[in-house]
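The sequence and structure are shown first.

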Amino acid sequence: MTDIVVGNSDKLKPAVEEALKSAPTQHQRLLDWVREVAALTEPETIHWVDGSQEEWDRLTSELVDAGTFVRLNEDEFPNSFAAFSDPEDVARVEERTFICSSTREGAGPTNNWVDPEEMKATLTEKYRGCMRGRTLYVIPFVMGHLGAKDPKFGVELTDSAYVVCSMRIMATIGQDVLRTMEEKDAFFVEALHSVGAPLDEGQDDVAWPCNPDKYIVQFPEDRAIWSFGSGYGGNALLGKKCYALRIASAIAHDEGWLAEHMLILKVTDPQGETHYISAAFPSACGKTNFAMIEPTIEGWKAEMVGDDISWITFDDEGKPRVINPEAGLFGVAPGTGWTTNPNAMRGVAKGNTIFTNVALTDNGGVWWEGMTDEVPEHLIDWKGQDWTPDSGRPAAHPNSRFCTPIEQCDIVAPEYSDPDGVPLSAIVFGGRRKTTVPLVSESFDWNHGVFQGATLSSETTAAAKGQVGVVRRDPMAMLPFIGYNAGDYLQHWVDIAKKYGEENMPKIFYVNWFRRTPDGGFAWPGFGENSRVVKWIVERLQGTAGGKETPVGIVPNVEDLDLTGLDADPKDTEAALAVNVDEWKEELPGIDEWFEKLGDHVPAEVKEQRDALGARLDG
Ligand code: GTP
Ligand code: SPV
Ligand code: MN
């Protein structure tokens, strides 16, 4: 597929030729592709990533020497590092993200589209010589279990050692993957990445090389990814959003499963009955926090299976099973603290963590807003400036992140590493809305739940470049991640239930932790207290909890929620649960506009749900 990539093999450096000759693989397609990319991008040398501890030690030391990493205080954060990005390279860039399917219609109205041949021609010129003075790293990786029946392989070619180290945390990478890929002669997704900052001879590098002209490009039909110009997480760690969501959603559409932006939570009730719940909230809207919840109610236990991505397949009987395809957590730092998310805090404190764009303390540790109640008197902020509490600006970037192995989390469920995944009982959608959307509702049936997901709305956050706090529709929290036409994606959701049987489908719920009271505070305390909502959801599955039918779904009465020991004004809880018909009527024009934007690919079943909602609100 890389037919347009025309490089000049004469330009291969001796070290590159040598690395190709001594390559640790016989996989011909891989060898051809690496040679081709090297000829185009002209790196100084090639390194075949083996994923070993020695390799990590060497690369992290090199990154410290280069000024990209600051090694943290070993007592507090062993084997951990802080990185500081270019101030313009701090988040996903949705405007520069493209789904290059063969037709514009294939990408649909919610994605940027350029003809694939044109995009390949443009990017080929961008990539020409772009790795001069740098190392080309070859990272074999697998998303999900290497022992899965059909392991989902990828190979990322990158000129960033920061990416190599981060990928080692976020995915299974290296020698074993390469060997298995070779044994199976398996297909792999080609994932090409460059920071787009070639070095002339003798030119000094900067701590965070990148290029103002960014391209995050998916070719869904080729199952290929070309990323250029950014070193930041979702733009550069190509196994994550680019593969496990955008490319995987296209594969899932073809194969009859779902690749979703969902955490996976395991809950065990006081009787020992276990349920697994996947929840889709948009970026920086609470997935990591919910996945690591510490229940505040007696006898309930929560464990984590995943915090960002769910791959939901259906077994021979049509029963849904879910896996987390990732090996690490790439979590939002601000707001993660000992009171809000102690499990995350304990996880990162074990070390082996890369922090990006947090602040540095005077004793070589890290800090961010919300980490501790007490604010340090002096910090070096994420831009390298002295910071004090009266500086009037955040010390950490609002989208600063911790990148840590999932196995370090005390509450990771042992089933996390089961290649067959876990059975899925419920799907929860949620957004960040100040008004209108109640704390929790249960959908009437599958198609109503699909409608709730299709019309999910949320305020934008710092996880993507652009304005923060603007309400937008974000279907199934997948707006930036659907690798094909969003209308077809909704149809796929409708069709899944037809294919495998509605009786097999997980029950669907819709939550909003972010509703406000008139004085501006949160109506619901959130975090650990969300376990009360989890309890109601599980009891609905078991058929024991009450609820009242409202125009938007089944909502608990205040007395249906276990509020024992809750430190909250009962009026606020009422307000969090309220379904206000007038507010919902005001939602309708926005929903209609949204469906108009999606065009004629919106499923009839979903449009029927819109009419039914209108009728219920009038009724
Ligand atoms: P991505 O990694 O970007 O996909 O985000 P995420 O959905 O995992 O978001 P995360 O859990 O990191 O939460 C982001 C922000 O939401 C943090 O600042 C949290 O403090 C805040 N947050 C999470 N849960 C709650 C909650 O229940 N109530 C309130 N008020 N805030 C919450
Ligand atoms: C998100 O933005 O939803 C993330 C972070 O989980 S990133 O991997 O950068 O996309
Ligand atoms: Mn995410």
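## Ligand surroundings and aromatic pairs

A polar backbone atom of Gly234 stands 2.8 Å from an oxygen atom of ligand 2. The model is a predicted one. Ligand 2 on its own exposes 280 Å², of which the protein buries 98%.

The shell around ligand 2 holds 13 residues, and Arg92, Tyr232, Gly234, Lys241 and Ser283 come nearest. By class, this shell consists of five charged, four polar and four nonpolar residues. Helices α8 (233-236) and α9 (239-255) each contribute at least two residues to the shell. In terms of domains, at least three shell residues come from domain 1 (9-63 + 95-248) and at least three from domain 2 (259-325 + 417-618).

Ligand 1 has 22 residues around it, and those that come nearest are Ala284, Lys287, Thr288, Asn289 and Arg401. A backbone N or O atom of Gly286 lies 3.0 Å from an oxygen atom of ligand 1. From the side chains, Asn530 places a polar atom 3.0 Å from an oxygen atom of ligand 1, and an N or O atom of Arg432 is 3.3 Å from an oxygen atom of that ligand. Taken alone, ligand 1 exposes 660 Å², and the protein buries 91% of this area.

The shell around ligand 1 comprises ten nonpolar, eight polar and four charged residues. Both α10 (287-291) and β17 (328-332) supply at least two of its residues; α10 gives the most, with three. Domain 2 (259-325 + 417-618) and domain 3 (328-408) each provide at least three residues of this shell.

| Ligand | Residue and atom type | Distance to a ligand oxygen atom |
|---|---|---|
| Ligand 2 | Gly234, polar backbone atom | 2.8 Å |
| Ligand 1 | Gly286, backbone N or O atom | 3.0 Å |
| Ligand 1 | Arg432, side-chain N or O atom | 3.3 Å |
| Ligand 1 | Asn530, polar side-chain atom | 3.0 Å |

Turning to the aromatic side chains, the model contains 25 aromatic pairs. One of them joins Tyr162 and Trp208 in an edge-to-face arrangement, with 4.8 Å centre to centre and 65 degrees between the planes. Tyr162 belongs to helix α6 (residues 161-170) and Trp208 to the loop between β8 (188-194) and β9 (215-219), so this pair ties together parts that are 46 residues apart in sequence. Tyr162 counts as buried because its relative accessibility is 4%, and Trp208, at 7%, likewise counts as buried.

Phe514 and Phe522 also form an edge-to-face pair, with 6.1 Å centre to centre and 65 degrees between the planes. Here Phe514 is buried, its relative accessible area being 13%, whereas Phe522 counts as partly exposed because its relative accessibility is 43%.

Technical notes: Residues numbered from 1 in each chain as written. Chains lettered and ligands numbered in written order. Predicted model: local features only at pLDDT ≥ 70, side-chain atom pairs only at ≥ 80, totals over all residues. Heavy atoms only, no water. Near = heavy atom within 4 Å. Polar contact = N/O pair within 3.5 Å; in protein donor to acceptor, adjacent residues only side chain to side chain. Areas by Shrake-Rupley, 256 points an atom, 1.4 Å probe, with all protein chains shown as cover. Helix = DSSP H or I, 4+ residues; strand = E, 2+ residues; numbered from the N terminus. Nonpolar A, V, L, I, M, F, W, Y, C, P; charged D, E, K, R; others polar. Domains from an automatic or database assignment. Phe/Tyr/Trp six-rings, centres within 6.5 Å; stacked < 30°, edge-to-face > 60°. Buried < 20%, exposed > 50% of the residue type's maximum accessible area, 1.4 Å probe, protein only.
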